[in-house]
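Please keep the viewer open as you read.

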Amino acid sequence: MAKNKDGMLESTGKIKLTGSDYVIRGIGYFFITIFAIMSIFPFLVILGTSFETEDNIITQGVTLLPREFTTAAYELVIKGGTIWQSYCLTIVLTAVGTTIGLFICAMTGYALQRRDFPFRNGISFFVYFTSLFQAGLAPYYLLMTQTYHLNNSYFAVLLPLMVSSWLIILMKNFAKSIPHELTESGKIDGAGDFKIFTSIILPMLKPGLATVGLFLALGYWNEWYQSSLFLQNKTVLPLQYSLYKIINEAQSLKNSVASQYVTVDSLPSESLKMATAMMATGPIIFLYPFVQRYFIGGITVGAVKG
Amino acid sequence: MTTINPRKVEPYSVKGSLRRKLFNSKTLILMCVPAIIYFIAFSYAPLPGIYVAFVNYNYRKGIFGSPFVGLKNFDFVAKSGKLWMLTQNTILFNLAFILLDNLLAVTVAILLKEIQSKSFRKVSQTMMFLPYFISQVLVGLLVFSLLNSDTGFLNVILKGLGAEPLRLYKTGDPWPLIIILVHLWQKTGYNSVVYFAAIMGIDDSIIEASMIDGANGWQKIRYIILPSLKPTVVILLLFALGGIVKGDFGLFWNLVGRNPILYNKVDIIEMFVYRATVSDFNFSTASAVGLYQSLIGFILVLTVNAIVKKIEPDYSLF
């Protein structure tokens with residue numbers, strides 16, 4: 001059987017590709033091309049419009065290719081805005097939350113798959129139950145605001161995204177693929193369980209760490225929900241939530257750019273929204289093609305056995 | 001501990017006294033402690049607060065000092081017809097999502113397999129995966145930029161053709177369709193990953209053998225690829241059914257959540273609970289609806305898991 005360099009079947013003398021093979025192949029190319037273009041099309045509209053003048057947007061609408069190219073909206077966001085503070089906040093939240101969350105998930109995930117850990121089933125259930133039954137939003141909101149007093153605290157965003165039962169189970173599945181003999185050999189050498197974990201297991205767990213870490217980081221970067229619940233009176237907001245406010249509230253748009261640069265009447269609100277959106281999403285668009293394989297790994301490892 | 005063979009390491013005895021077990025596995029227990037504390041603080045600690053669903057909540061008196069009213073909060077939302085409407089909307093949307101998601105994801109996966117050029121496949125897969133990585137906030141803006149009646153892309157084109165602009169943000173009628181389409185746009189790249197992996201896992205020799213036997217392209221899909229996907233589809237469908245009363249809050253909220261003209265048609269449980277909590281501070285009603293949802297969801301997951309355990313024990317959750 002002949003295969004081309006990509007390992008795909010080629011028509012040879014022995015095996016004939018029939019007419020319908022070619023039809024399906026044609027449909028495949030056509031449909032996948034359309035779908036792929038549709039997937040990125042709205043981004044291209046936002047990108048094009050972010051470089052368009054406000055007047056043109058108002059009179060002629062959004063556009064793929066700016067009719068008059070201008071970087072005015074970006075200049076306004078960069079010069080006058082609170083966007084740098086939002087960037088810093090989001091980066092700090094992402095870095096701190098991902099690091100701590102990753103460490104907790106890795107320790108727990110490793111411990112819970114150790115066959116010789118007598119409490120693993122009990123603790124696994126304790127962790128898993130949290131995804132089966134939740135108290136709901138209102139009791140959670142009351143606890144966070146009345147008991148923990150986390151209203152208008154960045155901890156209200158940092159903490160709730162740090163660990164989840166899904167991520168621990170994902171990590172557990174990755175840790176399972178490390179041979180138990182490695183743990184055994186560590187024990188023979190007289191290492192304690194924590195020492196075994198840090199010096200033998202962690203280096204072997206890199207794919208799992210990358211996958212879970214990226215899921216965590218994406219969660220923090222795209223966070224807007226906890227912010228909308230708890231950060232009502234903050235001036236510096238995580239990126240996505242400040243984008244949310246700029247999109248939905250005229251007042252915060254005015255606040256987001258210092259008023260000495262423009263008068264409120266001439267505020268280019270449409271192009272500002274687009275430029276802010278591009279800046280808030282830019283890092284993801286540049287990075288995700290390089291890291292998507294970890295997400296694909298995570299989906300296939302974690303999909304069925306949630 | 002008797003060590004006959006010095007190289008054999010005694011496992012932490014699964015037998016033996018509790019104290020011995022605790023002592024032997026103290027490090028592993030300590031390694032789980034941060035996660036345990038975390039879940040106590042953020043998942044278990046809110047549970048007693050469910051009691052707020054059974055009181056007439058008063059801010060000054062707190063949850064447990066407020067007057068007990070029994071099931072009145074449930075009665076209130078149930079009698080107004082609101083609860084049933086929310087449940088219906090949530091379930092109908094999820095049914096549409098589950099069926100169309102899987103149909104489209106399987107289609108995309110099968111067609112991706114047909115793509116011969118590896119670089120073409122890589123690039124198109126990457127493009128289709130992009131919507132998965134962006135925040136729901138941006139999804140809201142993308143949809144608005146395409147559909148709004150003043151500057152939206154769709155209406156720019158309609159105007160160019162001399163047609164009347166569509167005022168989609170003035171009426172709720174088209175939004176069920178729009179929400180479903182946006183959901184498919186956002187999730188298909190992600191959903192197709194699992195099916196594509198399953199297809200790539202099919203033994204090439206089976207496909208080759210079928211081709212030697214003269215199977216054409218349709219037959220290959222109908223008799224080899226689809227049957228081999230069946231277990232994955234069945235399991236994923238079942239688990240999706242377990243979550244059928246849980247709505248995709250971020251999507252709904254960012255598309256229609258702040259516009260009553262739009263959301264009255266497509267209101268789901270999560271949006272009602274969010275508004276009742278954050279806008280109205282009506283914690284008792286919010287919690288009643290939330291508890292109703294959690295209980296149904298809990299029963300559904302247990303049922304689904306029991307079914308999965310019967311047909312495919314390896315895949316059951318617990």
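**Notes on a predicted model**

1. Let us begin with Gln240(A). This residue has 26 C-beta neighbours inside 10 Å, so Gln240(A) counts as buried. Please bear in mind that the model is a predicted one.

2. You will find Gln240(A) in helix H13 of chain A, which covers residues 239–248. Beyond its neighbours within four places in sequence, Gln240(A) is in contact with Asn222(A), Glu223(A), Trp224(A) and Ala280(A), and also with Ser135(B) and Val137(B).

3. Stepping back to the whole of chain A, you will see 15 helices and zero strands. Of the 306 residues in this chain, 43% are buried. Among contacts in chain A with a separation of 6 or more, 71% are between residues 24 or more positions apart.

4. Next, have a look at helix H6 of chain A, residues 137–147. Eight of its eleven residues are buried, so this helix is largely enclosed by the rest of the structure. The buried ones are Leu137(A), Ala138(A), Pro139(A), Tyr140(A), Tyr141(A), Leu142(A), Leu143(A) and Met144(A).

5. What covers the buried residues of H6(A)? From chain A, the cover includes helix H7 (155–158) and helix H12 (225–230). From chain B, it includes helix H3 (62–65), helix H14 (269–279) and helix H15 (283–311).

6. One last stop: just after H6(A), His149(A) has a positive phi of about 50°.

How values were computed: Residues numbered from 1 in each chain as written. Chains lettered and ligands numbered in written order. Predicted model: local features only at pLDDT ≥ 70, side-chain atom pairs only at ≥ 80, totals over all residues. Helix = DSSP H or I, 4+ residues; strand = E, 2+ residues; numbered from the N terminus. Buried ≥ 20, exposed ≤ 12 C-beta atoms within 10 Å, placed from the backbone. Contact = placed C-beta atoms within 7 Å.
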